[in-house]
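Q: I would like to go through a protein model with you, one feature at a time. Could we begin once it is displayed?
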Amino acid sequence: MIFQNLREFLRYLDRTGQLVRVREPVSVDLEMAEITDRTMKLPGGGPALFFERPVLMDGSESDIPVAINVFGSWRRMSAALGVDDVEVHARRIAELIKPEVPKGLWGKMQMLPKLMELTKVPPRPYKGAPPCQQVVLREGEFDLTKLPVLKTWPQDGGPFITLPMVITSDPDTGVQNIGMYRMQVFGPTTTGMHWQQHKGGAAHYRAWKRGPGGRMPVVVAIGGDPTTMYTPSAPLPPGIDEYLFGGFLRREPVYTAKAVTCDLTIPAEAEIVLEGYVDTGEELAIEGPFGDHTGFYTLEDPYPVFHVTTVTMREDPVYPATLVGRPPVEDVYLGGATERIFLPLARLTIPEIVDYHMPPEGVFHNLVFVSIKKDYPGQAFKVMHGLWGMGLMSLAKVIVVVDEWIDVRNVQEAWWYALGNIDPERDVRFTKGPIDDLDHASQIPSFGSKMGIDGTRKWAQEGFVRRWPEMIEMDADVKTSIDRLWPLLGIKPID
């Protein structure tokens, strides 16, 4: 099922028992976050929440409801991407980047539907007035503090928009980027713009600063169809259009519209759109602290100011948000979907990769388990350095490599195998490179050390002279026999 907008998705979640409507008044000042955090830590991620009566920071009640945790389970994440399992998209990408051309005319003709599918997914202009511009508010007619923006943790510098689609363009090529960056609401018309230096929005900001300078157009879309809402979090290669990627996932185009005040294109089905600019000549403003997905506060730092000049919205908008904090929270599923979908692209560059996993405990950039098909000595170290050279994987702090028969998504099994196989002096390597801006442990911001651990079985060619022991495994016939007997034994977990 493909959803055209957020409200369609919410109706589906409501209909299928995956959404809880909160009808009591709840404050956006910490209360909503506490309810959401408790919900997200329920088994399976808990339900999506729809707060019907948000209470604003000034104590007044907003008529804009808040939807949160909408991606917070594997079932909802898959449904948001139009599939029963996100692995479906991984297989589609694998077929796309490495198609096996069949022999014979009939086999080749069977490939045509897959190729034709790509011609149907580029973004298309919305015909008529787009839903996201049903209401247009100019300067003096809006106040950002009247939006139900959450303050999520006690030491946060203020309320933060946490699920935006920040749209910018390269001043030379005109190519757009859509990123997901937190935005602290400073006042009625301004927010911070937390452009981490490794992200596309920051690259455009630097290009505008070097080039034309002055006011850089920026548009922030909040809400839309759930697939498009996901795409800004995906680590797409530079220049790859998020709307095109969204269309590929949806198997149908994302409908777009022109912003009211500039040439940037926006999702036509967005709920709320903030249009304005970042002045590249303006002094940076202090943003933060912010309770982040690392489970720690990121401290105050200077970032650009986003000046909002126009707000457009639906006549009855819904404000979508997410909560970040100590895992597990909703980004387990957002990041987990990216992990699965982009595995074929990692294999394209490093074909010996069997699987990888970034467990929530490592908040994605702190720990990566990788299983490989090992064909020559030292291959684990080659894989580590290959991964550190791939886009945002360059920020990975610890990479652990194991053999192909280990299930890296079973963290207990992966650690058991790796720790049993390593001699620390021989198998651990340290190097230096870029570090995530949110990492508080590096000696200096954004640059620090990394560790690679070779947890594979060691070969004689790698200097291992002893006999390597075999893993313990039960006899297959005995396991089959006990499988038949097990239901009769009455052995169950103790509560």
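Q: Which residue forms a salt bridge with Arg182?
A: Arg182 forms a salt bridge with Asp292, and the closest N and O atoms are 2.8 Å apart. A salt bridge here is a side-chain nitrogen of Lys or Arg within 4 Å of a carboxyl oxygen of Asp or Glu. Please note that this is a predicted model, in which local features need pLDDT of at least 70, side-chain atom pairs count only at pLDDT 80 or more, and totals for chains, interfaces and linings use all residues. Residues are numbered from 1 along each chain as its sequence is written, and side-chain values use heavy atoms, with hydrogens and water left out.

Q: Where do Arg182 and Asp292 lie?
A: Arg182 is in the loop between β10 (176–179) and β11 (183–184), and Asp292 is in the loop between β18 (290–291) and β19 (297–298), so the pair ties together parts that are 110 residues apart in sequence. The strands (E, at least two residues) and helices (H or I, at least four) are DSSP runs, numbered from the N terminus.

Q: Is Arg182 buried or exposed?
A: Arg182 counts as buried because its relative accessibility is 8%. Asp292 is buried as well, with a relative accessible area of 5%. Buried means under 20% relative accessible area, exposed means over 50%, and partly exposed is in between (1.4 Å probe, protein chains only).

Q: How many salt bridges are found in the whole structure?
A: The search finds 28. One of them joins the side chains of Asp427 and Lys458, at 3.5 Å from N to O. That pair links distant parts of the chain: Asp427 is in helix α13 and Lys458 in the loop between β27 and α14, 31 residues apart.

Q: What else forms a salt bridge with Lys458?
A: Asp454 does, with the closest N and O atoms 3.9 Å apart. Asp454 and Lys458 are both buried, and Asp427 is buried too.

Q: Changing topic, what is the order of the open sheet of four strands?
A: The order is β1-β3-β5-β22, with mixed pairing. β1 (19–22) and β22 (319–321) stand at the edges with a single partner strand each, so one side of each has no neighbour in the sheet. From one strand to the next, the twist averages 20°. Two strands pair if DSSP finds at least two bridges between them.

Q: In which sense do β3 and β5 pair?
A: Strand β3 (residues 48–51) and strand β5 (residues 66–68) pair in the antiparallel sense, over three bridges. Within this pairing, Phe51 has Val66 in β5 as its bridge partner.

Q: Which strands of the sheet does helix α1 touch?
A: Helix α1 (residues 6–15) packs on the sheet and touches β1, β3, β5 and β22, and its direction makes about 100° with that of β1. Helix α2 (residues 31–40) also packs on the sheet, touching β3 and β5, and makes about 160° with the direction of β3. Contact means heavy atoms within 4.5 Å. Axes are lines fitted to C-alpha atoms, for helices over the stretch in contact, and angles run from 0 to 180 degrees between N-to-C directions.

Q: Why is helix α11 described as largely enclosed?
A: Seven of the ten residues of helix α11 (residues 379–388) are buried, so the rest of the structure largely encloses it. The buried residues are Gln379, Ala380, Phe381, Val383, Met384, Leu387 and Trp388. Their cover includes β23 (353–357), β24 (368–372) and β25 (398–403), as well as α13 (424–427), β26 (428–434) and β27 (447–454).

Q: How many residues of strand β16 are buried?
A: Seven of the eight residues of strand β16 (residues 272–279) are buried, so this strand is also largely enclosed by the rest of the structure. Eight bridges join β16 to strand β13 (residues 215–222), and the two run antiparallel. β16 also pairs with strand β21 (residues 305–313) in the antiparallel sense, over seven bridges.

Q: What are the partners of Val273 in those pairings?
A: Val273 is the bridge partner of Ala221, and Val273 stands opposite Thr312 in β21.
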